[in-house]
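Colleague: I would like to go through some of the labels given to this model and hear what each one rests on.

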Amino acid sequence: MAKKTSTKPVIQVEDDRTGLEIPTLKRAFLDNLYYLQGRIPEVATKNDYYMALAYTIRDRLLHRWLNTNKIYLEKNVKSVSYLSAEFLMGPHLGNNLINLGLYDKIKEAMSELGLDLNDLLDQEEEPGLGNGGLGRLAACFLDSLATLDIPATGYGIRYEFGIFDQKIKNGWQVEVTDKWLKNGNPWEIPRLELAQHVKFGGQTEIIYDKGGSFRVFWLPDKIIKAVPYDTPVLGYETNTAAILRLWKAEAYEAFDFQSFNEGDYYGAVDEKVVSENISKVLYPNDEQISGKQLRLEQQYFFTSASLKDIIRIHELLGNPLDNLYEKNAIQLNDTHPAVAVAELMHLLVDIHRLEWVKAWDLTCKTISYTNHTLLPEALEKWSMALFAYLLPRHLEIILEINYHFLTEVRAKFPGDEERVKRMSIIDESGEKYIRMAHLAVVGSHAVNGVAALHTDLLTKGIMKDFYELWPEKFSNKTNGVTPRRWIVLKNQGLTALITKKIGKKWIKDLSELRKLEAFADNKNFQKEWRKCKQDMKEELAAYVQSHLKITVNPDSIFDIIVKRIHEYKRQHLKVLHIISLYNRIKENPDTEIIPRTFLFGGKAAPGYYMAKLIIKLINSVGDIVNNDPDVNGRLKVVFLPDFNVKNSQRVYPSADLSEQISMAGKEASGTGNMKFTMNGALTIGTLDGANIEIREEVGEENFFLFGLKAAEVQKLKAKGYNPYQFYKSNPELKKVIDMISSGYFSRDNKELFQPLVDSLIFHDEYMALADYQSYIECQDEVDKTYRNQDKWTKMSILNVARSGKFSSDRTICEYCNDIWKVEPLKVKLPEYHPADSENVKLEFKDWKLL
């Protein structure tokens, strides 16, 4: 008789810190609530629940991050170090859930515990560590670097207070302190033992060592401690995690006990207060010299700490400094970290005692620079007097770099002293200044613009001389954005519809969206597509009603312009259009008009009066238009306060029309335009920045184009642009501006908006009046197209289908291949075995290897 074999069920045992199944996630969540938050459910707050969930997810991130670090140490890989003054990461929880593939499981787990995941997502404070596109680009790049399995670290500043929170009071912007750390930050890990010392001020001393070699010692009068805080940034459906390492400023000696004993209680903590100011706030107001000094201190602080950290890791892996560039690619995100060129030379020559020629070769081969602006005023420069006061050794180094550089220029262009003056790192046209963009170009092996037009204008304009000297240095790397945050996370209906039709590979390879073209004319698919858009519009309408008490019609065109408030971005041109439509209704209340909701969002720099006045105008026009019975709800004007990543995730999926209306030749790239396009909005825009490439990709017939081209702008300015003639010769435009001037929108206060009116009709630097008529006619074409919903929907589908180029994954691949020469490395996770811990033996390691 054959023996019966018993079949026992296989029980899967998961580690509470790494397991991915719902029972394990629930158990881990409750453990974290109890042991980390010290709360029982009976007294837990919403923040307690958020923190417990964040720690639950962080455990799973750390599992991947630590294994990533282990592999990188073993393989001694080449790594990217991305230096940026801004990292506008946005809320972490939702993005991490998407990238871990846990969103639905966590939603179900929380529901089983009686909690709503959306409430916990809303609880997270957004880290306001950036002002706009620059910081958000850096965040997208970290997501893509991790997703593509590229070894990478982002270096920046851990600002205690980020970009201000924006309130609107009586139509005016009011800045409120951004206390993003008030409830703690569960995502970061302080690395106190890895602190670096950053020097300021003092003097230099020249000596000759025993071998007779010339040496310079920097004797500072102030030393500040830079303490790193690490945040893992996980890629999508991969085990690779990048590092965001942000530096906090602390005093070298936080407390003067002797001063305290002598009764000088303020003096006892003076060094602590002064030192911590460096990482206190993002972009201090630099209208005063103290603000300028603090801003330069911030830039040098994080750049110096980051470079010292890079060299520390390089040497501890057993690498000689001779191959620094073979193991490290250092990218400068705009001019804020441009002092890295001088600092790396200081470290190599003064600290590690390399010869100048060798150190310069290593510096240039290691560093590359991204330019983000065509605005001359945005290309930072620092007075030599301030530089000499704060960074005396670096001024000497920069002068030496400039001497050798100008020797090369004179050799290539003999007798052309005007060119020498233009290219010099030192601006000697008046008070002497250091041109940081020039330093960055001279000290880099690669320089790139961020859109095809931007790079073209860069090499023909402000960098023309450098391009003629080193054409091989320059290339274009059109910006991109991560589809994980900007489509998958918030536009879940559209994500599900796309995935149902073409599978999910598009989330990591956005070129897959091209397959949607096959469904562009399908009536059933169009109907489903419109349903996705309508759902997002209704969600945004509910948010506006709840938070602003403004009722908007979700069946209207959602016409949206959200970006930093600046005259060159021309939000005031949008206002002129709104008033024009308002006047048409007032002239004939029965006129047939497509209902529109105009939604604005964006912050003005605290010291930028004209931008603040534009915000006031938007709100004042809204007060009149929204409450006029003749309008009867057909037009609504909404200003969404405190536009940030969290708010933007509501906005981009809801838009029907994306306004990208800057004057041609001024916007470097723009990334908001890409986010709108990926979410199915149609663009009305000029041929500026990445608009050109968006139009090329989606098709001219699927883009609403208006306005002067960059060359036409320059030609008109050269002829002597007279905005007053445009004002006088266009009756509709004249009526609009006269209404603003008359006090119609300012309760008969004729003076309120007069500075803006005068700027438009007598100066109009950004040619809003020259483009007005073309803009109005193009908007009429938008109305006409929207009436044909099948045509509009097809255009929307094709915009999404052809948006693949604008993934930051594509951008990062180009950087890796053309500039950084970095290869991906896959990370595998070890399997979990409960008995593994029984055989572990520990020993002390050098903490610097952690």
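Colleague: Leaving aside its neighbours within four places in sequence, which residues is Asp59 in contact with?

Modeller: This is a predicted model. In it, Asp59 is in contact with Arg17 and Asn32, once neighbours within four places in sequence are set aside. Asp59 itself lies in helix 2, residues 46-75.

Colleague: What makes the pair Asp59 and Arg17 a polar contact?

Modeller: Their side chains are joined at 3.2 Å, and the cut-off for such a pair of N or O atoms is within 3.5 Å.

Colleague: Why is Asp59 called buried?

Modeller: Buried means under 20% relative accessible area. Asp59 has 13%, so Asp59 counts as buried.

Colleague: And why is Thr24 called buried?

Modeller: The relative accessible area of Thr24 is 5%, which is under 20%, so Thr24 is buried. Thr24 is found in helix 1, residues 22-35. Not counting residues up to four places away in sequence, Thr24 touches Glu14, Asp15, Asp16, Gly19 and Arg60. Glu14 is 10 residues from Thr24 in sequence, with a C-alpha to C-alpha separation of 7.0 Å.

Colleague: Why are helix 30 and helix 32 called roughly perpendicular?

Modeller: The axes of helix 30 (residues 731-742) and helix 32 (residues 768-786) cross at roughly 115°. Angles of 65 to 115 degrees count as roughly perpendicular, and the two helices are therefore given that label. The crossing is right-handed.

Colleague: Which residues meet there?

Modeller: From helix 30, Glu732, Leu733, Val736 and Ile737 meet Leu769, Tyr772 and Ile776 of helix 32. By class, that contact has 6 nonpolar, no polar and 1 charged residues.

Notes: Residues are numbered from 1 along each chain as its sequence is written. This is a predicted model: local features need pLDDT of at least 70, side-chain atom pairs count only at pLDDT 80 or more; totals for chains, interfaces and linings use all residues. Side-chain values use heavy atoms; hydrogens and water are left out. Axes are lines fitted to C-alpha atoms, for helices over the stretch in contact, and angles run from 0 to 180 degrees between N-to-C directions. Helices (H or I, at least four residues) and strands (E, at least two) are DSSP runs, numbered from the N terminus. Angles under 35 degrees count as roughly parallel, over 145 as roughly antiparallel, 65 to 115 as roughly perpendicular and the rest as oblique. A crossing is left-handed if the near helix is turned anticlockwise from the far one by less than a right angle, and right-handed if clockwise. Contact means heavy atoms within 4.5 Å. Ala, Val, Leu, Ile, Met, Phe, Trp, Tyr, Cys and Pro count as nonpolar, Asp, Glu, Lys and Arg as charged, and the others, Gly among them, as polar. Buried means under 20% relative accessible area, exposed over 50%, partly exposed in between (1.4 Å probe, protein chains only). A polar contact is a pair of N or O atoms within 3.5 Å; within protein, one must be able to donate a hydrogen and the other to accept it, and residues adjacent in sequence count only if both atoms are side-chain atoms.
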